[in-house]
There are 2 protein chains.
Amino acid sequence: MTKVCVFDSGIGGLTVVKSLLRTFPDWHYIYLGDTARLPYGNKSPQTIRSYLEQCLGYLEQFDPDVYVVACNSASTQAHEKEWKGRPLFNVIDPVIDEVIQKTQNNKVGVIATRATVNSRIFSHKINTKNPNIAVIEQACPLFVPLAEEGWIDDPITNLIAYRYLTPLRAEKCDTVVLGCTHYPILVNSVKKALSNQVCLISSGEALAQLMQNHFQVSKSPHCENHFIPKLDVLVTDLSPNISIMIQLILGKECNVPIKWVTL
Amino acid sequence: MTKVCVFDSGIGGLTVVKSLLRTFPDWHYIYLGDTARLPYGNKSPQTIRSYLEQCLGYLEQFDPDVYVVACNSASTQAHEKEWKGRPLFNVIDPVIDEVIQKTQNNKVGVIATRATVNSRIFSHKINTKNPNIAVIEQACPLFVPLAEEGWIDDPITNLIAYRYLTPLRAEKCDTVVLGCTHYPILVNSVKKALSNQVCLISSGEALAQLMQNHFQVSKSPHCENHFIPKLDVLVTDLSPNISIMIQLILGKECNVPIKWVTL
């Protein structure tokens with residue numbers, strides 16, 4: 001059985017696991033959320049890099065076949081393609097080719113944390129492959145706390161999304177990247193703030209597609225309703241709202257084991 | 001010169017320093033913000049206690065005359081009155097007596113982080129001294145990110161405050177504690193969401209009063225406009241928005257030295 005270690009600053013990276021499960025339902029997932037130090041999105045590149053190394057170092061003990069950095073802020077500092085001789089995937093690279101294929105008017109929006117936007121990594125990677133694409137990056141620091149508060153499909157969240165996305169509407173972006181793994185939780189508010197024609201790209205789906213090509217497997221049928229994934233969740237801090245967040249992402253019936261670990 | 005070490009999870013505790021400066025303008029303030037791991041407000045009691053001990057341990061090297069825990073979430077785990085033989089003040093105890101004196105209808109509201117509300121420390125301490133007071137505690141997890149986003153006197157912040165404070169209006173609380181050191185930044189939105197007659201109590205002012213009694217000093221005249229405090233700010237992570245936050249709290253002309261430290 002293929003074993004994959006997935007790392008995120010918190011619980012949002014489970015949206016990536018959810019996408020991977022649709023393509024690789026039989027894999028064994030070990031998920032590490034660094035909840036004792038979350039969020040990474042407002043922190044400096046140096047601090048994020050040191051947290052990334054510490055978390056990947058911790059995961060080595062499970063001897064996985066593949067590592068996934070399921071956090072965009074951490075992915076800005078994950079430049080290597082391998083970790084201890086095993087493939088290392090981040091959630092930024094898979095999005096780049098998809099964006100370039102999808103845009104018709106060469107105007108792409110990226111919404112992400114402050115750390116990801118400040119890194120300018122999306123602009124840099126897209127423009128390295130196609131310098132004619134205008135990339136408008138917008139930090140949305142309130143989206144993670146709104147998702148964690150559970151204010152989904154909420155008028156206040158809609159208002160905040162409308163304000164944050166103003167520059168993307170003004171520039172008439174036809175393709176928008178959800179550049180933080182929490183953001184799929186708020187996808188309805190993001191859609192309301194943009195024109196219906198805008199194509200939204202989420203890291204999880206793009207990564208699943210890239211990994212499907214890499215491992216040359218055919219796509220499995222969608223999980224059945226009562227499918228129980230082989231998923232262990234490790235967290236560096238266990239506060240009461242973590243299991244609520246896990247159920248919000250994976251569904252109420254998904255009762256995964258959660259273990260509190262020290263790095 | 002009296003030397004005071006002030007510790008907070010982030011930068012919000014500078015609202016407490018601002019209050020202390022009005023009473024003790026001649027003191028030397030060494031402020032430690034644990035910005036690499038902020039916020040504490042959604043984390044567990046065990047993790048918060050271990051961070052508190054690590055931060056106070058770090059500050060011992062400055063051999064201060066007094067320690068201040070200027071963070072309500074950390075204060076829930078700061079039960080001792082001394083640290084290494086020096087007085088240790090938290091920001092919860094000073095508020096308790098003031099609340100009991102001020103309320104006329106025995107209905108008190110407390111707004112704070114999730115960690116502080118879950119600890120029930122305000123209810124417990126108030127009811128130990130006066131069991132007839134009803135204490136309504138309300139977590140406001142979006143207030144810290146709203147303050148950090150700089151959405152002050154903003155219609156969206158007003159709407160969020162109005163929603164959070166609904167139970168306090170319904171119970172007709174006549175006294176409300178701002179139970180997080182970031183909240184004075186949003187005081188106008190909180191005021192708009194409550195009746196004009198409600199008395200707001202902030203930790204910083206209450207602590208300054210308690211310390212004035214403790215050290216038996218008479219109150220100094222208010223700082224002049226161009227007063228330059230002796231204040232060193234140490235942070236465990238230095239991201240670009242930290243100096244913006246410092247200026248938001250202390251004023252644009254306040255140019256304090258900021259040093260990045262490792263605990």
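Where is the place of I258(A) in chain A? I found I258(A) in strand β11, residues 258-260; strands are DSSP runs of E with at least two residues, helices runs of H or I with at least four, numbered from the N terminus.

A note on the source: this is a predicted model, where local features need pLDDT of at least 70, side-chain atom pairs count only at pLDDT 80 or more, and totals for chains, interfaces and linings use all residues. Residues are numbered from 1 along each chain as its sequence is written, chains are lettered from A and ligands numbered from 1 in the order written, and side-chain values use heavy atoms, leaving out hydrogens and water.

Next I checked cover. I258(A) is partly exposed, with a relative accessible area of 30%; buried means under 20%, exposed over 50% and partly exposed in between, with a 1.4 Å probe and protein chains only.

Then I turned to strand β7 (residues 134-139) of chain A, where 5 of the 6 residues are buried. Strand β6 (residues 107-112) of chain A runs parallel to β7(A), joined by 6 bridges; strands pair if DSSP finds at least two bridges between them. I noted A139(A) in β7(A) as the bridge partner of A112(A).

R49(A) sits in helix α2 (residues 45-59) of chain A. Leaving out residues up to four places away in sequence, R49(A) touches Q77(A), A78(A), H79(A), E80(A) and W83(A); contact means heavy atoms within 4.5 Å. From R49(A) to H124(A) I noted 75 residues in sequence and 19 Å in space, C-alpha to C-alpha.
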